[in-house]
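Please look over the sequence and the structure shown here before reading the report.

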Amino acid sequence: MIASIATPHVDWFALSPSLALLGSAGVSLLAAVLVPRTGRRAFSAWVCALGYAGAFVAAALLYDRSGHGTAVIAEAMRRDRWAALSAIVVAGAGLLAVGVSYNQRIRVTHVAEYYSLLAAAGAGMVFLAAANNLMVLFLSLEWFSICLYILCAIDYELVGALEAGLKYLVVGGFGSAFLLFGSALVYGATGELQFDRIAAATSAQGLTGDTLLIIGLALMLAGLGYKASAAPFHMWTPDVYEGAPTPVTAFMSAATKTVALILTLRVLTTAFPREAHLWAPAIGAIAIASLVLGNLAALTQKSVKRMLAYSSISHAGFMLIAVAANNAIGGRALLYYLIPYSAMSLGSFAVVAARERELRQPVTFDNIAGLGWERPVFGVAMTTFMLGFAGMPLTGGFTGKFYVFAAAWDRRWIWLVIVGIAATAVSLYYYLGVIRAMFMRLPAELQLAPSGGQPPRELALGAAVIGALAVTVGSFFGVQPLIDLARHAVSSSLSL
Amino acid sequence: MTPPHAYGWITDVLVLLPLLGALVLWIVPWPRRVAGVVALLFSIAEIGFWIAALYDFPFQGLTIAETSRLTWFKDLGVSWHVGFLNFSIWLAGLAVVVMAAAIAYALWVGRERPRAYFGSMLLLTGAIVGVFAAQDLLLFYVFWEAMLIPLYLLVGVWGGPGRSTATLKFVIYTMAGSLLMLASIIVLGLEKGTFDILEILGKGGSSSLWLFLGFAAAFAVKAPLFPLHGWLPDAYREAPAEVAGVLSGVVSKAATYGFLYIGLFIFGAINTGKSSPAGDLRTPILVLSAVGLVYGSLLAFRAPDVRGVVAYSSLAQVSLITIGIFATNVSGFNGAVLQMVNHGLISATLFLLAGIVERRTETGQLDRLGGLARGRPALATVLMATGIIALAVPGSSAFAAEFLILAGIFTYGWGWAVVGAIAIVLAAMYMLRLISAVLHRDVGPAVPAGARDLRFGELAIVVPLVACLLALSVWPAGITDRAFGKNLRQGQNGLQVLVR
């Protein structure tokens, strides 16, 4: 009598990126018991990398074969190019993060778990990007968040790591609660879980302006704002980014933000299109808050990781401008911006990680001095990332900002353009500060003790940095192909 | 809107060759001495290609030629579109010549960390040529900003002791202007549905005052115009001599070129009887330029050091060029273009000479210099010749240019011409003060007895620049007849918006 429960048709192909990552997470975890200590680090890292590579390929195939977005698996998930493209970004970020992690001093008793969690987090993110109802949304959000809570604290001997893990857990739990409560209210108002049915129910039952629905929407926005680390939901970001092991920070800053923003736009445009007159200005306000707060706070930072954390808040602001624009250019702008942004963010944290391992202490603007001349590849890469963050040409950061501003203007929201431009001008101070520290001050001037000896060879990390550099610069020259990808993703998936 | 001339691969080469050179320098681990030589070879090849482009250029009427176009991203209408107009090709020539001289000087001086240094210089070359060649607004902005990156590094790493503040000021000033320009570009391009300058011209340009202000802010900071010159003295004093020469000689011309091409072509339905943004702001801009002209000249007269004199004279000269541009008639334009080339060469030469003097005396303070002419005939001759041309002695190319500018502005309003004429007197005062303080009077305390005359290498760098100036003095019409010619009626491709 097993057949009495009707199981939905499962589109395994649509799940393949997640499955590849889950598979590699399982194998890595087994390595903790089955592979001897000497080979464990290499084995689990390779398995994790293979999982991400597999997810990348699967997502690329999925992108190719999902020209028309469809709802699959009892309509709980969307199989479309929007999800596939964000899966590609997440998988790319994960692959680079494995490279950054490889030489990280993680206790060998935990290394297999580390890579297992890294792969599992990626699987959850990929799943989230495809979510099509409030249940999947919440479950996959928790799925990857729990992995990240542990990853933040996995190196519990690192100063600040436990604090970071705990803070992320508590504040993240807060954010999840907001999201869950919001979802419940939305369900209560409309009686639907699925995004497009929420929209349909809203218009069929004349719920536009319904108090319950609007409160639910606001709470959901707050919950997603936590994950995207947009102001005023950003409080955890600097501490967690600073305290967590740098490779984890690198991964979080790129991948978490990607899926959080991707999902925000998807939920808002498919579930709440009739409330756009409310959420678009709200998102605009959040964007402005993030830009102002992120930039002003970043100005005074001494620690490079904290500065990058505030910079990531301000970039959430830039990307939310694209969301607030609520138009096709905005969708394209968001997807395009995420590609160079993820690369720059990962790459810059990778360089910080390299310096950290060399000095065995947190990297500040003072002790990064001279890095440019000592390790020119890292110096040039870091310079490129900083210029990219600042939106200078020859990096994808420039074209990304250009598209974001174009989206805002297309909606005739010139005030968003002006705030964005003012924020860019302010941000130059601290981004160029890194370049100034690396190239224009020498450790001798600052009377730092030389660390002595050759810096450790970092093949995997170097490869990750060069990969990030290639994406950062390549996305500037290859705007057209990337924009085409983004355009198809938007047109196949969203009604913008 | 079809390009009248064959496919302009040569423009592509002019823009991309230095960028390729920069990559070659950064990637290949050249030995110390070789790096500079490689860079010099690239910059000389660049001059060769420029001459080839010039030889090919169809100078009939106002025209655009040697264009090359490739879509960059379609959905917003942005393309790689480069080409030269009659007047911008001269500015590109100025850029490649001055950059080659600067690279040669840096090689002679032996800058530390040569691969990084010369790579940045080549990147700067490509960016500047790109600014003069870009026919797409976003591409223009890309090159405009790309200039800033190597300049930041060149001043910040290889500059003097106060370089940190100098670069910060320079970057904040210029970026504040540039970002306003970016906002204008985005709005203008999206409104017109294209970022292509020629297509925008074909659609009648723009009549928005706000957009013009965005562009004008960027140009006014970069030029600089009074009162936005706060970054100038620091940057020109702290930069390595050859970089200061490039900054004042070439980079400032990118701004005046912007006023001329983007400011007046897109925003200036001037002389058509209609009101236009550039026309509405003509008087304020002329006032700022006139103030800058007199104020800069006076500061140059009071400046305590060689670089200060050249820096403030640069402020004055750029203001004069802007006056010529906003005369908005043929002689004003021609004078402005000629003066851009002149001043670029003069300023670069003077900064190189300042560097040469500073290397011998370890100071640029005028009260500690003096008597350098005695026993150093080559230095005296070169400095004297450049100074005399700079103060616009009749017969010099600067005289020809300033005459045209004054004649141009006179037809608009004689009062402006009076200010210009006064400034020319002031120019004579500060140049002669500079010459006498360095070369004549008693031997200064900072001048060692053994300070050498210009050596062969230094002569080989400076003399070609002076030779260019002398050639222009003999034949200024070489440029003026080919820039805007005698009238603007023959314009093609929508360029006749300027018709008087």
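This is a predicted model: local features need pLDDT of at least 70, side-chain atom pairs count only at pLDDT 80 or more; totals for chains, interfaces and linings use all residues.

## Overall form of chain B

The secondary structure of chain B consists of 19 helices and two strands, and its C-alpha trace spans about 65 × 55 × 40 Å along the principal axes.

Of the 500 residues in chain B, 64% count as buried. Among the contacts in chain B with a separation of 6 or more, 80% are accounted for by residues 24 or more positions apart.

## Helix α2 of chain B

Buried residues of α2(B) include Ala35(B), Val38(B), Ala39(B), Phe42(B), Glu46(B), Trp50(B) and Ala53(B). An α-helix has 3.6 residues a turn, so residues three or four places apart point the same way. The cover over the buried residues of α2(B) includes α1 (9-27), β1, α3 (88-109) and α4 (114-133) of chain B.

## Where chain B meets chain A

In the contact between the two chains, 23 residues of chain B touch 22 residues of chain A. On the chain B side, β1 (64-73), α5 (137-158) and α6 (163-192) each supply at least two residues, and the largest share, 10 residues, comes from α6(B). By type, the residues on this side of chain B divide into 17 nonpolar, three polar and three charged.

Key. Residues are numbered from 1 along each chain as its sequence is written. Chains are lettered from A and ligands numbered from 1 in the order in which they are written. Two residues are in contact if their C-beta atoms, placed from the backbone, lie within 7 Å. Helices (H or I, at least four residues) and strands (E, at least two) are DSSP runs, numbered from the N terminus. Ala, Val, Leu, Ile, Met, Phe, Trp, Tyr, Cys and Pro count as nonpolar, Asp, Glu, Lys and Arg as charged, and the others, Gly among them, as polar. A residue is buried if 20 or more other C-beta atoms lie within 10 Å of its own, exposed if 12 or fewer, and partly exposed in between; C-beta atoms are placed from the backbone.
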